[in-house]
Amino acid sequence: MLWYVIRRLLLIIPTLLGLTVIVFAIARLLPGDPVGLAAGPNATPEVIASVAAEFGLDKPIPVQYWNYLTGLLQGDWGVSLFSRRPVIDDLAEFVPATLELVIAALLIAVIVGIPLGLLAAIRRDGIFDYLTRTVSLGAIAMPRFFLGLLLQLAFAMALNWLPLSGRFPLIEFPPDRITGFYTVDAILIGDWHALGLALQHLALPALALSLSPLATILRMMRASTIEVLQQDYILTERALGIPPWIILFKYTLRNAVSATLTVIGLYVSWLLGGTVLVETIFDWPGIGLYSTQAILGQDFMPVIGVTLVIAMIYLVTSVIVDILQAVLNPKVRLQ
Amino acid sequence: MALLDISDLHLSMRSFEGETPILKGIDLTVERGQIWGLVGETGSGKSLTGLTISRLLPSTTAHYTGGQVLFDGKDVLRASDRDMRALRGGRIGMIFQDPTTNLNPSFRIGTQMVDAALHAARDKPEILGLTGRESRRARRRTAWQASVALLESFGLHDAEDRMPRFPHEFSGGMRQRVLIAMAMIGQPDLLIADEPTTALDVSVQSQILRLIHRLVEERNIGVMFITHNLGVVAQLCSHVAVMYRGRIVERGPVSKVLKAPEHIYTRALMGAIPTARARMDTLRGIDGPLRDRIEAEIAATAKEVTA
């Protein structure tokens, strides 16, 4: 088991290496003139040349790639052409914000979706089942930004229960940085006031982001529970007189969750890519907002950095999902 | 009082097209020490009769339109769900056809067996020698030891080492032994075996049959053995009931029914058994004119009864 985990983690390295080649090539070979944009509209050829030299962009592309790669390993992820800030510093600030949002959305989706899916399956074709099926279809179909706007209208504008946007009140100081996750940091230093504020700001964007995965997890859980309940071994367990609640919560749940788990894992990457719109609407300072600005400005170092981070999170998630899968499903353990 | 007394059982199944009658008046009595073979072609209602005794058919589709199923004098069709759960495992054991799909793949054999034992012991604490005052851990340990002992006696060697393993680490014959042990750990009075050897090869099949035979001799239980295999019936069963389209057309001691079958369908069924020397063109099924004659004879006997 331990060997399996180590092997899976080691396989991440060549994948990431290959990814740097592809992303670097795409970012550098795309038409456009990032140096000219960075130097400004009135820059003389001499100024443009000096900017290019400053960022090492006057060298051949393979040399640029090699410099980038060796820098990457030393923690130097390049410099933004516009802010002139190191990309690694920006990422350290924006990645935790996005991850906090994604994890919160995923937690809502899993905690609500799995029990509701189970309930819909055991009350199959009942009122609750029809209701959740209809509502979840709508939830999957509804665009996230539209849902975000509706939530803002209802809970921020009309009811005034929650803040409209942002990650923390502008007039207050966020908790001291330990992990970069405001909620976690607030708990770590025991600042309950800050925790409350962070959660208030987190609630609406997390909800807007969670609804689609919630509905998918619910439907997946319903389908896999129904399938498991039709298996021969469930009939055998019933024939042995084992009470229905043990059959459901012990013997059915594990098999059904194992099928749903794959979907949950795939949703992590979907959410990471899907935060852009939600972050824009809620003015959430995460990698979605950051990469949008970078892409529009042809600021390719941040673009490459963000892509690599998302890829890394995705690869680690898939390893975690596989490990959980092996814990739940003994047949996987052998392979 | 008979252990199991089914009389005039009628069952219909609901579907989108309406209700279809499946069982049309089953009468069958099983005493302790008897092994009844229930034979008949696919779709004749053998398995549904077996599932009805434990009332395992979904109440949304299965609709009992008449008759009663008395187990130890109590009508299972009118018993509460709670009483039925106590009967299942504790007094009626069941084993099914395919040992590869009847064990939960995600749980250790030991976990599944201990749960079966503990639920049987809830109503019959004496089977594990429990007083009811033990801790949860002590009860599970006792159930574990009882399971190991039963598996060993059923010919599963090194049961102690095999208990923490998963079903996919077992062969088909071993899994069927485990399933029989799970059905028998509650020391039931009636064992319903729904084609338990169909998915096994011949040598394992005979071991399983010998095991069932031994259980009847040692514990004096009643067995209902559902199969299409008349050879197995001849080897194992004391009695046989032949089913055709939801009715029992002939019943009696195996020696009598298989030697001198009275009903035309029983004769047709036995005629359909291929011999080692049979060629493709000499294989006999039951179709066309033969089926018409069977239908006509059944219609005639039904008229006699009502007249």
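Modeller: Buried area is the accessible area (1.4 Å probe) that two parts lose on being put together, summed over both. This is a predicted model: local features need pLDDT of at least 70, side-chain atom pairs count only at pLDDT 80 or more, and totals for chains, interfaces and linings use all residues. Residues are numbered from 1 along each chain as its sequence is written, and side-chain values use heavy atoms, without hydrogens or water.

Chain A is assigned domain 1 (13–73) and domain 2 (87–334); such bounds come from an automatic or database domain assignment. Their C-alpha centres lie 35 Å apart. The contact (heavy atoms within 4.5 Å) takes 16 residues from domain 1 of chain A and 11 from domain 2 of chain A.

Together the two domains bury about 1100 Å², with 85% of it on carbon and sulfur atoms. On the domain 1 side, Leu16(A), Val23(A) and Tyr68(A) lose the most area to domain 2, together 38% of what that side buries.

Between the domains there are zero salt bridges. That term needs a side-chain nitrogen of Lys or Arg within 4 Å of a carboxyl oxygen of Asp or Glu.

Helices H2 (12–29), H3 (34–39) and H5 (61–73) of chain A each supply at least two residues of the domain 1 side. Helices here are DSSP runs (H or I, at least four residues), numbered from the N terminus. H2(A) gives the most to that side, with eight residues.

Conventions
Chains lettered and ligands numbered in written order.
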